[in-house]
Amino acid sequence: MLVNAKEMLIKARDGHYAVAQININNLEWTKAVLTTAQELGAPVILGVSEGAGKYMTGFKTVTAMVRAMDESLKITVPIALHLDHGTYDGCKKCVEAGFTSIMFDGSHFKIDENVEKTTELVRLAHDNGLSIEAEVGSIGGEEDGVVGAGEVADVAECQKIAALGIDFLAAGIGNIHGVYPSNWKGLAFDALENIHKGTNEIPLVLHGGTGIPEEMIKKAISLGVSKINVNTECQLTFAAATRKYIEDGGDQKSKGFDPRKLLNPGYEAIKLTCKEKFELFGSIGKA
Ligand SMILES: [Zn+2]
């Protein structure tokens, strides 16, 4: 059931669990996430970066695939189709293409410009029934070529953006996209607490969910994080399972080169990663 993400995240915040955003790259990814969510009764958000959207030949293709799969797989759990780290133009395209949720990442703009663009996109999103996420304080690591330094968001800036009527807020709390370096300092829980209290408890989003220790994830959820983004981890488990299949000679056995067989171990690996995340985030049975 394709819906916007507002209600599922308010339920998550009030119920002290987090909804996973799993980024998708192709049909196998989408099918793996939707099937697992349905099997486990978990709400889920399908994340699409602008790069992944382009790879799948455009946002309209993505919407058509997700809507059709929602129907053919008879998905009854709430799922949202969400633009991840959208540009101003990308957000507009996704509204037009039929996404149910967008993230506008204006974190690299000066706060006044971030406020101005976010204000406009909040109106556009809400007029069309979409939920909208905004970002304050860049998130470390690399996402589609944009490199952030892992900064911690300023509470006053978070308040400013939250007050614009956005539905959920991504605030940097020392989190990083991609694989965490060995000298990483960990999440800034004091900042998280202050942001949670200072923004009238707007549902908060933790980006860069891959490789954060489980205890830190649980603590972050207890302090108001309601959505956790997972991207790199599915890529790593998909690649490892595919590598194993080929190294074990799977593709050289009878019809093992059939793409449906070749891609199956990676598909199963994504399903397992989704299940592990839903368990860790507490979202199983919460649909
Ligand atoms: Zn992110």
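Predicted model: local features only at pLDDT ≥ 70, side-chain atom pairs only at ≥ 80, totals over all residues.

Residues are numbered from 1 along each chain as its sequence is written, and side-chain values use heavy atoms, with hydrogens and water left out.

**The zinc site**

Select the zinc ion together with His85, His177 and His207, which coordinate the zinc ion through NE2, NE2 and ND1 respectively, at 1.9 to 2.1 Å. Donors here are N, O and S atoms within 2.8 Å of the metal (3.2 Å for Na, K and Ca), and water is not among the atoms, so sites may look incomplete. Along the chain the donors follow the spacing H-x91-H-x29-H. His85 in strand β3 (residues 79-86) and His207 in the loop between β9 (204-206) and α9 (214-222) are 122 residues apart, a pair that links distant parts of the chain. Helices (H or I, at least four residues) and strands (E, at least two) are DSSP runs, numbered from the N terminus. Both His85 and His207 are buried, where buried means under 20% relative accessible area, exposed over 50% and partly exposed in between, with a 1.4 Å probe and protein chains only.

**Helix α4 against α5**

Next select α4 (residues 59-72) and α5 (residues 88-97), which pack at an angle of about 40° with their axes 9 Å apart. Axes are lines fitted to C-alpha atoms, for helices over the stretch in contact, and angles run from 0 to 180 degrees between N-to-C directions. The two helices α4 and α5 are therefore oblique to each other; angles under 35 degrees count as roughly parallel, over 145 as roughly antiparallel, 65 to 115 as roughly perpendicular and the rest as oblique. Show the side chains of Phe59, Lys60 and Thr63 in α4, which meet Gly90, Lys93, Cys94, Glu96 and Ala97 in α5, contact meaning heavy atoms within 4.5 Å.

**Helix α5 against α6**

How are α5 and α6 oriented to each other? They pack at an angle of about 0° with their axes 11 Å apart, and α5 and α6 are therefore roughly parallel to each other. The contact is made by Tyr88, Cys91, Lys92 and Val95 of α5 and by Lys117, Glu120, Leu121 and Leu124 of α6.

**Helix α6 against α7**

On the α6 side the contact is made by Ile111, Asp112, Asn114, Val115 and Thr118, and on the α7 side by Glu157, Lys160 and Ile161.

**Single residues**

Most residues other than glycine have a negative phi. Asn200 likewise has a positive phi near 60°; Asn200 is found in the loop between α8 (189-198) and β9 and is exposed, with a relative accessible area of 69%.

Finish with Thr61 in helix α4, which is partly exposed, with a relative accessible area of 36%. Thr61 and Pro213 are 152 residues apart in sequence and 36 Å apart in space, C-alpha to C-alpha.
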